[in-house]
Amino acid sequence: MLERLARLWSSVWPDPSHASLSWWLAAIHLALVLLVAGGISWSASRMLRAQADEQGKARVQLAATSAREDLRRMGEDAHAAARALADRPTLQRLLAEGQHEALPPFLLRSCEAAGMQACAVLSARTVVAVSGPALDWQQVVTAATEQGSTFMALPATERVPLLGARATLGDQGLTVYVIRRLDENLARRLSTEVGAEVRLIDYRSYTSAPVGPFTPLYAAALADGRSAVQRIDSQDAYAAAVPVFAASGEAIALIEALLPTSAVDDPASRLLHKLLLTALILAALAVAAALLLGERVVGPVRELTAAATRLGKGDFSASIPTGAAEVGVLAQTMEDMRRNLIELTSTLRRRDAEAQAVLGGIVEGVYAVDRNRIIRYLNPQAARLLGVAPDAAVGRFCGDVLQPLPVDGRRPCEQHCPILQARNAGSAKAVEQLSAASGEVRTTVITSAAQVDGLQVQVIRDETELEAVRRARDSVLANISHEFRTPLAAQLASIELLLDGLDQMSREQQRELVSSLERGTQRLTQLIDNLLESVRIESGQLAIRHQSVALAEVVADTRTLVGALLAQRAQTLSVELPDDLPAVSGDKTRLTQVFVNLLANANKFAPEGSVVRIGAVAAGGEVRSWVEDEGAGPATADSSELFARFRRGGGEPEAAGLGLGLWLVKSIVERHGGRVVFERTAAARTRFTLTLPAEKPA
């Protein structure tokens, strides 16, 4: 515990040799403010409590005297009520007519209207009529006789003082009396009017009650004859007592007013808290003022020290603050030095930014290594090619990042590294197969420059896609050469046979040779059309001319174009189209090309002597047509692979085409807003289904 207190004290009160001037100014100001504010608060709290005590006594004494004044006015009101009742013609008439049984209800209503609790008509001491509670009217008459028209009484039958008045009723020798009881109801009414709790105490209760906390107060009030006020801490209240005397001088009651001490102490406590808070705020302001003063005194030196520290760390952005006298000269010298450094660093950063822009804008990847072939820089293009983050690659051996595939069982880093070759020859180039982070093998060309200042820069160019394009180009050219050579050779042979035996051949033989020439020409025409359509689609120049097209006409044109191919393999074309089949909106020539490619595909894969079927139905605003053959179908049902460009199916019964037919079918159908799917039917047939939007009726 003592160690904690010692650490706390050392943190609050530092070593004077290390404390700053600002700290000392703040501490002195704080001590002075706390001393002055504490003394003022202590003196003010004593004065405030004394003033609050006087205020509480004055409030409760005012409430008690106000209640007594209200009783006096009530006596006057009672006298006015008695005179008004005596002057009522109705009362005089009832008495004159002797209707004594009607008097009590009349008196009751009149008393309630005047706020009285009992009324009576007496002839001397004889009660003629009465309303309200039963009272000792003989004692009431005695008190009235002694005190006059307004009186107060303490009847033996009542434990509550009475306030009353009387008035003479004409010349009949009768007197009207009105009575108000000084009970709890009246006390509550007085409490509401004076703003404090009021109690009406019967004088007889005071004299017969045992000594209590309020007994000295009552005795002081009776002795003074006017009032007495005290703070009674045991009851947490301010209390005032005012005696009430009858006109005869007889003590009748005591009016007691009570006010809780909290009603006075709480505001005083809140005010005291505000004083303490003000003292704390003043102390905080004093500390702030001391800090500001300290900053004005030691601020220039501190700012100069901070600026020198920033310059030492390489931060040249902030200017050196100026000062007066020697501090100003030193600051100006440091400012000149800072400007020179800024100019030099700006030039270096501009050149670095230019280099970064060049390295970030080129297509090739660039990386730099040190003498140990550790990567020190990697541009974003190289990072994307290798599938690594630049931060993860920097600091690693280049062979571990590039992952070149072994050549003859050895890594190229060991024997054919272009980095090592460039150090001797000035530059070097190598083609390497790199294993990217995704597992894909990339073909790259790495060009290495000579070493400069311990760094060596390499340019890496990805030729994987270029190699793929080259292979695809070579494959297409080979296919085109093969596909064109076969029908051209057959046509040339047919022409030679026709020329040699033109005079000896029968007409049937000549027809067969001409038919063979026709089939070869159709095949060449289809190949050329497919190539041209492929180029148009790739270049975006394929225009679809929308017109009303009858599917039956498209099928008829298709039959004419490929009929010879079907006849060559003894295949039969079965067409089943509904008579009410709606037309489609499209390009008739392109749709004919679609069916020609599908029938050529069926002719190639379906067995000889089989049936090729074309059908169509209309449903839901669409026309669904299909080409169905009895062949085994493609080896894969994957649409993305089946309809791919230059995709050639395996197991073809004759020399394959270019692999463009189904790709063209899909491209043309989709440009018509339709779709094409492949499926195997329940009858084990191959079916290509085309769905095209039907022409909307005009």
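**A pair of packed helices**

Author: Helix H18 (residues 551-568) packs against helix H19 (residues 588-605) at an angle of about 40°, and their axes are 9 Å apart. Helices here are DSSP runs (H or I, at least four residues), numbered from the N terminus. Axes are lines fitted to C-alpha atoms, for helices over the stretch in contact, and angles run from 0 to 180 degrees between N-to-C directions. The angle therefore makes H18 oblique to H19; angles under 35 degrees count as roughly parallel, over 145 as roughly antiparallel, 65 to 115 as roughly perpendicular, and the rest as oblique.

This is a predicted model, in which local features need pLDDT of at least 70 and side-chain atom pairs count only at pLDDT 80 or more, while totals for chains, interfaces and linings use all residues. Residues are numbered from 1 along each chain as its sequence is written, and side-chain values use heavy atoms, with hydrogens and water left out.

The crossing of H18 with H19 is right-handed, that is, the near helix is turned clockwise from the far one by less than a right angle. In contact (heavy atoms within 4.5 Å), H18 contributes residues including Leu 551, Val 554, Asp 557, Leu 561 and Leu 565, and H19 residues including Lys 588, Leu 591, Phe 595 and Asn 603. By class, the contact holds ten nonpolar, three polar and three charged residues. Ala, Val, Leu, Ile, Met, Phe, Trp, Tyr, Cys and Pro count as nonpolar, Asp, Glu, Lys and Arg as charged, and the others, Gly among them, as polar.

Note on methods
Helix = DSSP H or I, 4+ residues; strand = E, 2+ residues; numbered from the N terminus.
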